[in-house]
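Let's walk through a two-chain model together, step by step. Have a look at the picture first, then read on.

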Amino acid sequence: MRSSRLHPSHEQVLKLLRVLGFYAAVIAIWSLLGRAEVWSPFLFPSPEKVFASLQTNFANGLIIDGLQASLRRLVVGYALSFVLGMSLGLLTATSRFADETVGGVVLGLQSLPSITWLPLAVLWFGLSESAIVFVVLMGSTFSIAISARSGMRGLPPLLARAAGTLGATRWQLYRYVVVPAMVPSMVQGMKQGWSFAWRSLMAGELLFVSVGLGHLLDVGRNLNNINMVFAIMLVIIAVGVAVDRLLFGRAEAWVRERWGFAAG
Amino acid sequence: MALVADTETQAAGLTGRAAGGPSEAEPLLALRGITKRFRTKRQDTLALDDVTLEVRPREFICIVGPSGCGKSTLLNIAAGIDTEYDGEALFEGTPIRGMAQERAVVFQEPALFPWLNVRANVEFGLKLRGVPQEQRRDIVDRHLALVNLSRFDRAYIHELSGGMKQRVQLARGLAVEPHVLLMDEPFAALDAQTRDDLQLELQTVWTRIGTTVLFVTHNVREAVILGDRVVVMSPSPGRIKSIIDINLERPRTPDDHAVADLAAAVRYELQNTGVAPEPRYAI
């Protein structure tokens, strides 16, 4: 695995060519459809116009500012949800009482689509940063809590025993066994939490917040600028794919290398 | 216990390990009058009934018996995993209060840490104890070589075969230099070929480092191949039926005639029906 990363094999080059070929074909067909004007250019823009809009909006700073604002909310909300989710997860994993009470609430709230927190957030915090961060927080907290709980509960008793017979103190058991054993479950939960957070952030921004990628989509719609709407959607897709591949893709590969099973 | 005399006359060569000395009077591990009950809502099982066993330093003791005879329970008590029982469990003269490095355990299932590679698994106990890194590396290298796994030190656990996993467990247990190594049916889940290999390997390792071993198995031949003494247990309630001395030269293989004879004798002890078998082979 390590060597193949350094020297791409014949097979990997072929795969890259196949993928590039696919996207080239999609853009070519898109371009042909756009030029043929099968649909009105106000509804279905050509790729040239979308890329032009992308360029303009990068140049005038709209996308950069929007990206910054969205990512800041995401990072703050996600970090808070990690702390809160971990605390809830560890609490429900270690205390039976907490599991029977708080654990049920966590499971219930997990099934609630996070954008439904928005009206509540607006009433509590007003039309502010806090409201949108709150929605992001609610989006990912429960996924992280559930995965933290199952990660800790899922520790094979045999491994705890093995560590004990090798002389582990209680604190060493947590530090060297419980926490690392939670990693596969945590990677899954954090990935799911991230995707909920990202979706609810976009929905929230679309609905009311000024500045941000979701807001830019709304601006495009208000201006009847289909090129801009397409361009912003491409940026949103790019952010999602980048985080998925770079962050979680790597974490999953790391887990696979060690544990040897496809996580998820 | 007439068997004991028989086997002594059979001895083709004493290893000299169990030879007397001042330490022989003082057992390393003393389990005295151990009684253990498992209570559930529906039933009350007497897993161990007044069991007494003393293990001398540098001795290889095998406990053999059918499932449910409490042999693993006895090992768990010695390991400090199980601390609720009646009776007295002393290690080096002090009561056993919990798990400790000096009584390392090799489990039946490969109880290895999947997030650590082979080297880090073997290093685990040393790291807990705070052994400096340089020293740790030397100790791990030595123990990996001992179980023929030097080439696999960077491998992850899922990449290993069942036999290799048990060798990693053995190296990990030995690396902390325990005063007694407790082995709970470590080869039970392996195929016959691998099991034979590991029995031979364990004998070599033990001959070289001479640590005290308490080895639990349900395989009679394995007990005879490995043990200086074989403790035969009977189930419901778990009791020690007899203790048979095995004074055969090492390394022993499953095909040795003397091993086969003694295994037949142990098997007779286990079943205790019919007549004691005559030795089939002259020594």
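What share of the contacts in chain B with a separation of 6 or more comes from residues 24 or more positions apart? The answer is 71%, where two residues are in contact if their C-beta atoms, placed from the backbone, lie within 7 Å.

Before going further, a word on the model: it is predicted, so local features need pLDDT of at least 70 and side-chain atom pairs count only at pLDDT 80 or more, while totals for chains, interfaces and linings use all residues. Residues are numbered from 1 along each chain as its sequence is written, and chains are lettered from A and ligands numbered from 1 in the order in which they are written.

**Chain B**

Chain B holds eight helices and ten strands. These are DSSP runs numbered from the N terminus: helices are H or I with at least four residues, strands are E with at least two. Of its 283 residues, 44% count as buried, that is, with 20 or more other C-beta atoms (placed from the backbone) within 10 Å of their own.

Now for a sheet. Four strands of chain B form an open one in the order 2-1-4-5, with antiparallel pairing; strands pair if DSSP finds at least two bridges between them. Strand 2 and strand 5 of chain B are at the edges with a single partner strand each, so one side of each has no neighbour in the sheet. Strand 5 of chain B is joined to strand 4 by two bridges, and Phe91(B) has Thr94(B) as its bridge partner.

Helix 2 of chain B lies across strands 1, 2 and 4 of chain B, at about 120° to strand 1. Such angles run from 0 to 180 degrees between N-to-C directions, with axes fitted to C-alpha atoms, for helices over the stretch in contact.

| Element of chain B | Residues |
|---|---|
| Strand 2 | 44–55 |
| Strand 5 | 94–95 |
| Strand 4 | 86–91 |
| Helix 2 | 71–79 |

**Chain A**

**Where the chains touch**

In chain B, 22 residues are in contact with 16 residues of chain A. Helix 3 of chain B gives the most to its side, with four residues.

Note on methods:
A residue is buried if 20 or more other C-beta atoms lie within 10 Å of its own, exposed if 12 or fewer, and partly exposed in between; C-beta atoms are placed from the backbone.
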